Amino acid sequence: MATSRVLGYLESRKNLTGAGCGLAGLVLTFTGVAGPYWPVVVAGLYGAGALLAPPERPAPPDFPGPSAQLEEIRADFEKLAGYLADIDLPPAAASALTGLTELLDALLAPGWVAEALARDPEGVHAVSRTVRRDVPEAVDAFVRTRWWTRLTPGAEPPERHLERQLGLLTEEAEQLASALRDAEARRQESHTRYLEDRRQ
């Protein structure tokens, strides 16, 4: 522990700056400027350099970038698909869920679409939230509520809520896809303007 602290100080900005100033003090000594008080001059310059050196700046944490986050979301999406495969849903809800998962799969598939998504942190967050929280919660709530509905016939069918929830999530995913498409269209238009301006 003590050895690592010593090595850390030897490599620190304070020591390096102080050593540079101390070296300047030795140069002054050899040129005869420091005189008989050269040890005080060298030590004083080293101390001044160490005090004036900028403080050490710890490295910022290395958080995963959007592309790495998408890889994690893809893995979670595969887990979600395995979970959904074991759930028995009514036809309308199953159809809505299939439409949603196909759209999410298209957004997460490796390629230029995923690259466009990676450039949109809010979009990455929205997809992550849908995959990791919204869809599992909606389906799980349906399964639990359906069991209670069997004990209390005449209640509102839980699949209506599930269908509505899946419809809202699909609308949200479609809006994200539309926003990504619009961003690519603006990028294309910008490149066209750039090429046109270059000819002028």
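Modeller: Helices (H or I, at least four residues) are DSSP runs, numbered from the N terminus. This is a predicted model, in which local features need pLDDT of at least 70 and side-chain atom pairs count only at pLDDT 80 or more, while totals for chains, interfaces and linings use all residues. Residues are numbered from 1 along each chain as its sequence is written, and side-chain values use heavy atoms, with hydrogens and water left out.

Colleague: At what angle do the axes of α5 and α8 cross?

Modeller: Axes are lines fitted to C-alpha atoms, for helices over the stretch in contact, and angles run from 0 to 180 degrees between N-to-C directions. For α5 and α8 the angle is roughly 25°, and the axes come within 9 Å. That makes α5 roughly parallel to α8 (angles under 35 degrees; over 145 counts as roughly antiparallel).

Colleague: How do α4 and α5 pack?

Modeller: Helix α4 (residues 66-85) meets α5 at about 155°, with the axes 11 Å apart. The pair is therefore roughly antiparallel.

Colleague: Which residues line the largest cavity?

Modeller: Rolling a probe the size of a water molecule over the atoms shows where empty space is left. On a 1 Å grid over the protein atoms alone, a cavity is a set of points where a 1.4 Å probe fits but cannot get out; lining residues have an atom within 4 Å of a point. Grid points are joined across faces, edges and corners, and a volume is the space filled by probe spheres set on the points. The structure has one cavity of 30 Å³ or more, and the largest cavity holds about 50 Å³. Its lining consists of L104, L107, A126, V127, T130, L169, E172, A173 and L176. α8 (158-199) gives the most, four residues.

Conventions
1 Å grid on protein atoms, 1.4 Å probe; cavity = no way out; pocket = protein on both sides within 12 Å on 5 of 7 lines; lining within 4 Å. Helix = DSSP H or I, 4+ residues; strand = E, 2+ residues; numbered from the N terminus. Parallel < 35°, antiparallel > 145°, perpendicular 65-115°, else oblique.
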